[in-house]
Amino acid sequence: MIVDDDALARKSMEKLCEKTTHLEVISVCASAAEAINKINENQIDLILLDIEMPDKTGLELLDELSYQPQIVFVTSNRDYAFEAFEYQVTDFVKKPVKVKRFMAAVDKAIKVQEGIEAYKKRSGDLYIRSEGRYIRLNINDIFFFENVGDYVRVKTETDAYIIHSTLKNIDRNLRDPRFLRIHRTYIINLDKIKDIKENTLVIDKDVIPISRANKSILMSRLNFL
Amino acid sequence: MEIDRIYLRELYMGDRAYALEMFELFLEEGTPQVENLRRALNQEAWPEVRYYAHKIKPAMAMVGFPGVSLALEKLEMAAREENSSQAQVLFSRFMDLFIKIKPMVAETYSELQNGII
């Protein structure tokens, strides 16, 4: 995401992002207020963020986020370098940004992201936000994710949680080969399947539909004698 | 005073389309921004003077005048100190430069469009 109140600066960042396949620009915002809602509703990995903006500064924006993506501050003013350090941002680049300097910042962000992904894979745990708190779950204990209107039900061995998310978000962020979307309303843990009939399968006591489109993918992922 | 072509080469790395878009935006937005700065200075609206000086600074560099950024930085400082007479002098110096710079930027834009550079 690009956040800058200046049109020339926004366009410059867009053009620089086009030079690398590692970045996909999801949103370009001209104010902190416009950015805050979009950040809190979507999973943003990296923000190229101006600091001095008329409605709210980039620093004030960070204080209002429910999570902190990676941040690269893009500013004309070196005075903010100390605050950048306090917020543990990935990089701090001075405008106007040269191509080489931009690519160095992108490389830093990629390395940080790889470190985050490696930790997530190693830990085997994930956190969900439910009823105002963050709950730690072991991935092995999750049976399935079920779409329920604007929410998702997370069924585990011992409990069921309701989280504010979508199956699309979960599919994108989970990245664990044990989990497969088998229906528009279900992502299941393949290790928990008890049996499979024609168009349904059973996990614990739940009977879960399999869509025709996903049946062959499901069957290709299982070991048959 | 001349456009710093070496600086532009480092900035755009031969990407003419990128340079063209930046030059075009500068020619559209540059004068209104400078007018905003003038208005804020006349009203002694110091936060606005700082804001506009701060925004125009990188734009000058993007069209090949990184040295002019220094004049604007001094203006930002004068605005921070609310030093009216100093700010007026600095703005006046900047305007003299801006008036000379605009046609040079337009000419370079034309050269970029025609593939001369």
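**Cavities and a helix pair: exercises**

The lining of the largest cavity divides into six nonpolar, two polar and three charged residues (Ala, Val, Leu, Ile, Met, Phe, Trp, Tyr, Cys and Pro are nonpolar; Asp, Glu, Lys and Arg charged; the others, Gly among them, polar). The model is predicted: local features need pLDDT of at least 70, side-chain atom pairs pLDDT 80 or more, while totals for chains, interfaces and linings use all residues, and side-chain values use heavy atoms, without hydrogens and water. Residues are numbered from 1 along each chain as written, with chains lettered from A and ligands numbered from 1 in written order.

**Exercise 1.** State which residues line the largest cavity and which elements supply them.

*Solution.* 
1. The largest cavity holds about 100 Å³.
2. From chain A, its lining (residues with an atom within 4 Å of a point) takes A:Asp6, A:Ala7 and A:Leu8.
3. From chain B come B:Phe26, B:Glu29, B:Gly30, B:Gln33, B:Val34, B:Lys55, B:Ile56 and B:Ala59.
4. Helix H1 (7-18) of chain A, and helix H2 (16-42) and H3 of chain B, supply at least two residues each (helices are DSSP runs of H or I, at least four residues).
5. H2(B) has the largest share, five residues.

**Exercise 2.** Describe the second largest cavity by volume, lining and class.

*Solution.* 
1. The volume of the second largest cavity is about 80 Å³.
2. It is lined by 13 residues, with A:Ala9, A:Ser12, A:Lys95, B:Pro58 and B:Met62 closest to its centre.
3. At least two lining residues each come from H1 of chain A and H3 of chain B.
4. H1(A) gives the largest share, four residues.
5. By class, the lining has nine nonpolar, one polar and three charged residues.

**Exercise 3.** Determine how H3(B) and H5(B) lie relative to each other.

*Solution.* 
1. The axes of H3 (residues 46-62) and H5 (residues 84-113) of chain B come within 13 Å and cross at roughly 30 degrees (lines fitted to C-alpha atoms over the stretch in contact; angles run from 0 to 180 degrees between N-to-C directions).
2. H3(B) and H5(B) are therefore roughly parallel (angles under 35 degrees).
3. H3(B) makes the contact (heavy atoms within 4.5 Å) through B:Trp46, B:Ile56 and B:Met60, and H5(B) through B:Ser84, B:Ala87, B:Phe94, B:Phe98 and B:Ile101.
4. The contact has seven nonpolar, one polar and no charged residues.

Methods. Parallel < 35°, antiparallel > 145°, perpendicular 65-115°, else oblique. 1 Å grid on protein atoms, 1.4 Å probe; cavity = no way out; pocket = protein on both sides within 12 Å on 5 of 7 lines; lining within 4 Å. Points joined across faces, edges and corners; volume = space filled by probe spheres on them.
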